[in-house]
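Hi everyone, thanks for coming. I'd like to walk you through one model today, so please have a look at the screen while I talk.

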Amino acid sequence: MDKLKYEPLFETKKAKGRIRYRLFASSMFCGIIFIWIYRLCNIPEPGENGRYGWIGMLGAELWFGFYWLLTQSLRWNRVHRHTFRDRLLLRYENELPRVDVFVCTADPAIEPPIMVINTVLSVMAYNYPPEKLSVYLSDDAGSELTFHALLEASRFAKHWLPYCKKVSVEPRSPAAYFTSLSVSDQSDADFSEIKRLYEDMANSIEVACKAGTVSDQAKLEYTGFSKWDSYSSKKNHAAILQILIDSRDEETKDIDGVRLPTLVYVAREKHPQHFHNFKAGAMNALIRVSSEISNGPVILNVDCDMYSNNSNSIQDALCFFMDEERSHEIAFVQFPQSFENSSTNEVYGSLRVIDEVEFHGVDGNGGPLYTGTGCFHRRDTLYGREFSKEAKTDLKSAYPEKTEKNVHELEERLERLASSMYEQNTQWGNEIGLKYGCPVEDVLTGLTIQCKGWKSVYYGPKRKAFIGLTATTLDQILVQHKRWSEGDLNILLSKYSPVRYGLGKLNFCHMLGYLTYCLWSPNFLATLYYSIVPSLYLLKGISLFPQVSSKWFLPFTYVIIAELIYSFAEFLYSGGTVLGWWNEQRIWLYKRTSSYIFAFLDTMLTLFGSSNTTFIVTPKVTDDDVLSRYKQEKMEFGSASPMLTILSTLAMLNLFCLVGFVKKLILTREVGLKYVFGTMVLQILLCGVLVFVNLPLYNALFFRQDKGKIPSSTTTKQSRVYLNFVKHNKYRTNFNFVVQIPNFSQEKMKIGSLKVWILVTILVVTWSCGVVYGIRFVIDREECFSHKVEMGETVHFSFVVIKSEGSWHYNEEGVDLVVKGPSGEQIHDFRDKISEKTEFVVHHEGVYRFCFTNKSPYHETIDFDLHAAHFAYHDEHAKDEHFKPLFEHIGQLEEALYNIQFEQHWLEAQTDRQAIVNEIMSKRAVYKALFESSALICVSILQVYLLKHLFERKLGQSRV
Ligand SMILES: O=c1ccn([C@@H]2O[C@H](COP(=O)(O)OP(=O)(O)O[C@H]3O[C@H](CO)[C@@H](O)[C@H](O)[C@H]3O)[C@@H](O)[C@H]2O)c(=O)[nH]1
Ligand SMILES: [Mn+2]
């Protein structure tokens, strides 16, 4: 071709605002470095409060910062593509290559045949020469229902395709087209006719689906059904292959006498003893089968729910494959995934930002990931061909079409290609075809293609190319993200790891881009830490962030606010709504604290050989009840799952911490609000935001009545850590933890890991939530409390005289306390005590009385703490043999922890007293003499300091 006249078939433009973005990112990075420096330089000394918490924060922030850096590779070099279809047609209208379309389905129950054939019809109706187009449906269930539907579709296509051409239908999925029209559009006769035909077809499919089988009548009419005679189950059947339309056959034409695209049904053989490798296995069978029929040099792959929404997509893709100058290095063209059933504010999040921002960034670095659907491949790259500059394949002449004439012989031969034995001792799934052994076969396959020197292209046309269905319940979305993040982590740990295998083969930014996705699941650690520990420390009153007045407060606020504003703007730019962004934040948290945990644990288990890769197909049907809630954007918690358990536990923990903190603020009024906010504001905000984000979850837990609420089986039977506020008479708020062994009915999650996790949670919660308030009361002469206790319980009690009413006095004589049993017998008698702590074992069940007597003329404030417990819940609930010893241990540990907390409370009360005494003393001193007073202040400071030390050490000892 003449160089001067060369007009490219596509162009690539750098995204606008790249410089601005880079400046912003640099400023963010400075902020992050400051945060790191602050953390590193301010680690509390050994023995100081919050040292370990702090070190953990450092770890989490190092991770977040590192991960943020990785995500910059997805934003740094964004590009946008544009195609020139008119130039393509001008030059190559008569030389267009053959294109094979692969549609995969796996289960007629959750992927309804009517949906599948709508997808099939939409791709058959591409604006492309029909003799050059072939459509292959892989049915992994080998279901006669799906086959029946496809057969019906092959008949309907004879009307639908000419109709599409005639009135330029868009989109070409009949169902989507009909619903997109308004009533006024539906007046003419042709339309009524085609709609009637569609409805007839849909009816017949629905009847068969409802009956669960195809009618005998239909079976008689079409001999192909005889292939199901030997069918035993979807996991065990011979290969079934039927060429429903053969475009080479001069006889098969549409109603206008125009040829039709080839249509082939393939159900590869399934045998219980041969692992079928999910979608990758299906795709490879299709690659082989199609190579013997149409052998198109370009292959389009779509999931069965992803119909073509743009009849020109093939031509768009070919612009990238047929450009004379730059096409030779392009292996695949990936289109974005869009969803038809997303609600306005996307309660379960979306792929928006990935589609509109990130993938454009990866495209600038060497090409997007292959994401399984809406992707055009060169056939030869799927065969594993390496890229070489010299050997350019010309799509126009590549791959001769096979010319076998006898269809029956051909079918038999092809069935052998789809047999479950065929791949044994071959390179299929390894060097050839889509890769096996990974839950995201698509990403892995794309990566290895790119590592062989190829580039890929990301193209998002104005009119969306493909539209599919997204999950409609929380559970589904979490399971899907678990599969994705698990698959990506698998890749990182596999021999195809982008950081090892890809090193030197991918450019650096490209590698980082892959790493961003591969490291999705390890994000759970830092996120979990950040959503638990600061809240617990808030409850304990230990600050983990800089004070408002500190200069270090600045980088924190800058990074937080800038990141929030940026992510908000990015989301809106990607076409989302304000509320959608907020929902996205929630899902971000939920994915990281459930899907990613399980993905990580499962990957580790797979690594050590105790788990197999699974592929849980996302359901594409939603029952009406669920659908109506989905439309109202009510989050569907629905079925009980271990993931939900974790989310609820975390949500409760944060709520608990926030409430506990507020309560503590109110109860202990000594420290001013201003001081608390000055030192703790970031922590309060963090905990507050976590609670706020979780509002729908609390609602589902406590208030909702519909079926989408968190099922009571989760609240009662399942592994819920109950935070049960139990009031012991009037003076003690105690937190009771009722723990039950979860009922893991779902095989899909790994059970052991979850139990351990729950035990750990309980421990953490028990330990850290034990802020013991006891009761503080003012006594004039005498004050009595009674408490009912049970036989065998150990009653711990303590009291400290905190202060006297008149600020000038402090009580040196103490008070009396008499403890009496149910029948009036005296158990303890303390005289003139400032503070006391002791315990006794209950031998007689009943009401015990604790009477204080104050002999001083002033009102005294007394801190009284009582705690009676019998740690034996392991007897009641631990039905699981393996966990019994563990629960006994937990029981003992919990008892020990309670005792420590009890002691801690007593020490705190004493410290309070001492502080007040000191205050009084120093006040007096001020009036006496300046010198004396300052000396006393010194002494008192010293005393407080020493006491704190003592308190620390005692705690340390009791912990041992
Ligand atoms: O054994 C199987 C399992 C699945 N599928 C098909 O694979 C497609 C994707 O399954 P889906 O449950 O919809 O998963 P998604 O998470 O929506 O799929 C994305 O992620 C997968 C990898 O995890 C890719 O395979 C898909 O192409 C990609 O769209 C569907 O058409 C299924 O029918 C099979 O053909 N055989
Ligand atoms: Mn899907």
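Let me begin with one residue. D140 sits in the loop that links β4 (133-139) to α5 (144-167). Keep in mind as we go that this is a predicted model.

Why pick D140? The UniProt entry, which is unreviewed, places the feature "active site" at D140 and D442. So let's take these two in turn.

Is D140 buried or exposed? Its relative accessibility is 9%, and because the cut-off for buried is under 20%, D140 counts as buried. As for its surroundings, leaving aside residues up to four places away in sequence, D140 touches T105, A106, K234, R268, K270, F278 and A282.

D442 belongs to helix α14, which covers residues 441-451. With 10% relative accessibility, D442 also falls in the buried class. Once residues up to four places away in sequence are set aside, the contacts of D442 are Y370, T371 and G372.

How many residues of α14 are buried? The count is 11 of 11, so the helix is mostly covered. Among those buried residues are E441, T445 and Q450, along with V443, L444 and I449. After the helix comes G453, where phi is positive, near 105°.

Back to the strands, as promised. Strand β7, residues 298-303, has five of its six residues buried, so the rest of the structure largely encloses it. Which strands does β7 pair with? Another is β11 (residues 375-378), which runs antiparallel to β7 and is joined to it by four bridges. There, N301 has C375 in β11 as its bridge partner.

Finally, let's zoom out to the whole protein. You're looking at 28 helices and 23 strands. Of the 960 residues, 57% are buried. For contacts with a separation of 6 or more, 81% are between residues 24 or more positions apart.

Technical notes: Residues are numbered from 1 along each chain as its sequence is written. Chains are lettered from A and ligands numbered from 1 in the order in which they are written. This is a predicted model: local features need pLDDT of at least 70, side-chain atom pairs count only at pLDDT 80 or more; totals for chains, interfaces and linings use all residues. Side-chain values use heavy atoms; hydrogens and water are left out. Helices (H or I, at least four residues) and strands (E, at least two) are DSSP runs, numbered from the N terminus. Buried means under 20% relative accessible area, exposed over 50%, partly exposed in between (1.4 Å probe, protein chains only). Contact means heavy atoms within 4.5 Å. UniProt positions are given in the numbering used here, feature names are shortened, and annotations may be inferred rather than shown by experiment. Two strands pair if DSSP finds at least two bridges between them.
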